[in-house]
Amino acid sequence: MQFPTEEQVLAHGFRFRPAWWTPRVPQGWGEFVEQLPARDRGYRIITRADLLDAATSHGLPQTLLAGYVWGTGDSAFLVGRRARVFRDNDPQRVVDALAAVAESLRAGDTVGAYASMLRGRPNYLKQLGPSFFTKFLYAAEARSGRPGRALILDQFVAVTLRTVDKWNIPRNGPWEPSTYERWLDHAHALATGDIRADAVEMAYFKLGKEIAAGGAF
């Protein structure tokens, strides 16, 4: 499997329209997306570099939103469903949960932070599953444009783990904390030399998407 360069990882981005998101989030949380680089017809672009910068430059709720904007891209038809996390949770509850998760990350307990966001756990938020809360973990733990231990785990990463690495992992989460820990160990072990850990995740995601599109899963 070929892994992308650092430049390719940071440039990994998608087009979107801020108007899809800003009316659906608490006031002030979406202002930063309107400042991202403009494209034609009201579109802007958000890159992985923007996601990794969100916690430092904007705040934790904005980091959660950045993960949704980046992860949804130009698929406008998905926005209404995915934005329900902002509709169905009290804003202060979102702030408190994300702050608690960030504290676990600062303490070096990445897998504990993951576990705390699963359904029934202390930092669970309605409508927020692992595919998107691992985007938050990944971005919240990043420093100076580089990932910490946390990485994204979504259905397409799972597809590659299942079909290429022969893991007994379901395509759709939630995945057990032990599975997330195993994925982190696996990805970081592959990140040698100049290969970033999130380059491994990006390669697994892209291959998994191709496999799923071909109906091989």
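Helix α3, residues 60-72, has 13 residues and reaches 18 Å from its first C-alpha to its last, close to the 18 Å expected at 1.5 Å a residue; the expected span is 1.5 Å times one less than the number of residues. Helices are DSSP runs of H or I with at least four residues, numbered from the N terminus. The structure is a predicted model, in which local features need pLDDT of at least 70 and side-chain atom pairs count only at pLDDT 80 or more, while totals for chains, interfaces and linings use all residues. Residues are numbered from 1 along each chain as its sequence is written, and side-chain values use heavy atoms, with hydrogens and water left out.

Eleven of the 13 residues of α3 are buried, so this helix is largely enclosed by the rest of the structure. Buried means under 20% relative accessible area and exposed over 50%, with partly exposed in between (1.4 Å probe, protein chains only). Among the buried residues of α3 are L64, L65, Y68, V69 and W70. The helix is followed by G73, which has a positive phi near 55°.

Helix α10, residues 177-190, has 14 residues that should span 20 Å at 1.5 Å a residue, and its end C-alpha atoms are 20 Å apart, in agreement. Its buried residues are P177, T179, Y180, W183, L184 and A187. They cover an arc of only 160° around the axis, which puts them on the same side of α10; the arc is that of the directions from the helix axis to the C-beta atoms. An α-helix has 3.6 residues a turn, so residues three or four places apart point the same way. The exposed residues S178 and A189 are carried on the face of α10 turned away from its buried side. The buried residues pack against α7 (110-116), α8 (130-141), α9 (155-163) and α11 (197-213), where contact means heavy atoms within 4.5 Å.

L118 is placed in the loop between α7 and α8 and counts as buried at 10% relative accessibility. Its C-alpha atom is separated by 7.4 Å from that of P130, twelve residues apart along the chain. Not counting residues up to four places away in sequence, L118 touches Y124, P130, F133, P174, W175 and P177.

T134 lies in helix α8 and is buried, with a relative accessible area of 0%. A polar atom of the T134 side chain lies 2.7 Å from the backbone oxygen of P130, and the side chain of T134 also reaches the backbone nitrogen of L153 at 3.1 Å. With residues up to four places away in sequence left out, T134 touches Y114, L151, I152, L153 and Y180.

Definitions and conventions
Helix = DSSP H or I, 4+ residues; strand = E, 2+ residues; numbered from the N terminus. Polar contact = N/O pair within 3.5 Å; in protein donor to acceptor, adjacent residues only side chain to side chain.
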